[in-house]
Structure formats: structure tokens, C-alpha cells
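Here's a set of questions about how the labels on this model come out of the numbers. Let's go through them one at a time.

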Amino acid sequence: VCGALRGRHLPLMGYTLTTVEPRSDGSLLVSVWQMSVIRDRMLACGALAPINPPYDGPIAPKRCPRARKHPEPGIASYKLVSRDRWHVLPDEIGEATEALHRANLETHEDLPPHRAAMWKVWLDFLAVAWKAGGFIVA
């Protein structure tokens, strides 16, 4: 271990997802790798809308309400790429869940055990967040 890091704990590189309405089961920590698996699986069935974030220019994000709904069905993919406090709305979660159902991806039998467990936790979190005003990605 590098001398500068000895005795220090490195923070988890990932995402904290928290429901809008506070709940005891309303928080989920997801690593960067786990989120990439989630995004890939959701993009494959149309549960994520492959759209870019709203930008005024090449550097600074537009200062607009984070709860903005987009025209495509599902969760805007950019909301699950950065930790910029995007608000994933209940409508987006509902549309994503419908797409997962149509593609029969509500189950996880096709996944290896470590991914299946993660996928179940993700689906459970979506169900909670849908009832709790959506979730914030930070």
C-alpha cells in the first residue's frame, strides 16, 4: 500500500440512491460496476431512455429543475450515469418497470448468483421508490 494511503479508508466509488419521501428502506448504495450492469440490462429492454442531459454548452449543465420529465418512456439514462442529484420521477420508474415486465426481466434466473442478488435488490428498490416520490441519485 502506498505510504500516503496507509491507514486511510477510501470512499466507495459509486452512487447513493435515496427516495424523495424519507423511508427506512429508502436508500441504496450501488458501486460503479453494479450501476453499469443495471444500466446495460435496462437499456437492452427499453427501460432507460437513451438521451443526453440538458446542457447550455459544452461545460456547465443547465440550471433547471432536476425533476424535469423527458419525452421518451422510461428513466432518462443520464440520470443513472452521474451523481448530480438527478430526481428520477415515479412516472419514469413506472414506465421502466413496465418495460422490464414486457421483456420478462423482472426475474433474474438468467443471471449468475452475484448479479441475480444485485438485480433483486434493484427491483425491490424501484418498487419502494415508485411509492415514495421517486429517488435522487447522488
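Q: How many of the 138 residues count as buried, as a percentage?
A: Of the 138 residues in the chain, 40% count as buried. Buried means a relative accessible area under 20%, exposed means over 50%, and partly exposed is in between (1.4 Å probe, protein chains only). Keep in mind that this is a predicted model, where local features need pLDDT of at least 70, side-chain atom pairs count only at pLDDT 80 or more, and totals for chains, interfaces and linings use all residues. Residues are numbered from 1 along each chain as its sequence is written, and side-chain values use heavy atoms, with hydrogens and water left out.

Q: What helices and strands does the chain have, and in which order do they run?
A: There are three helices and six strands, running β-β-α-β-β-β-α-α-β from the N terminus on.

Q: Why are α2 and α3 called oblique to each other?
A: Helix α2 (residues 90-102) and helix α3 (residues 113-131) pack at an angle of about 140 degrees, with axes 9 Å apart. Axes are lines fitted to C-alpha atoms, for helices over the stretch in contact, and angles run from 0 to 180 degrees between N-to-C directions. Under 35 degrees counts as roughly parallel, over 145 as roughly antiparallel, 65 to 115 as roughly perpendicular, and the rest as oblique. So α2 and α3 come out as oblique.

Q: Which residues make the contact between α2 and α3, and how do they divide by class?
A: Pro90, Ile93, Gly94 and Leu100 of α2 meet Trp119, Leu123, Leu126, Ala129 and Trp130 of α3, where contact means heavy atoms within 4.5 Å. They divide into eight nonpolar, one polar and no charged.

Q: What makes α1 and α3 roughly perpendicular?
A: Helix α1 (residues 32-45) and α3 pack at about 75 degrees, with their axes 11 Å apart. That angle is in the 65 to 115 range, so α1 and α3 are roughly perpendicular to each other. On the α1 side the contact uses Trp33, Gln34, Val37, Ile38, Arg41 and Met42, and on the α3 side His114, Arg115, Met118, Trp119 and Trp122. By class, that contact has seven nonpolar, two polar and two charged residues.

Q: Why does Ala129 count as buried?
A: Ala129 lies in helix α3 and has 0% relative accessibility, so it counts as buried. Leaving aside neighbours within four places in sequence, Ala129 is in contact with Thr19, Ile93, Gly134 and Phe135. Ala129 and Thr18 are 111 residues apart in sequence, yet 8.1 Å apart C-alpha to C-alpha.

Q: Why is Val32 called partly exposed?
A: Val32, in helix α1, has a relative accessible area of 41%, so it is partly exposed. Apart from neighbours within four places in sequence, Val32 is in contact with Met13, Gly14 and Tyr15.

Q: What makes the phi of Arg85 and of Asn104 worth a look?
A: Most residues other than glycine have a negative phi. Arg85 has a positive phi of about 60 degrees although it is not a glycine, and Asn104 also has a positive phi of about 60 degrees without being a glycine. Arg85 lies in the loop between β4 (75-76) and β5 (86-88), while Asn104 is in the loop between α2 and α3.

Q: Why are Arg85 and Asn104 called exposed?
A: Arg85 has a relative accessible area of 53%, so it is exposed. With 52%, Asn104 is exposed too.

Conventions. Helix = DSSP H or I, 4+ residues; strand = E, 2+ residues; numbered from the N terminus. Nonpolar A, V, L, I, M, F, W, Y, C, P; charged D, E, K, R; others polar.
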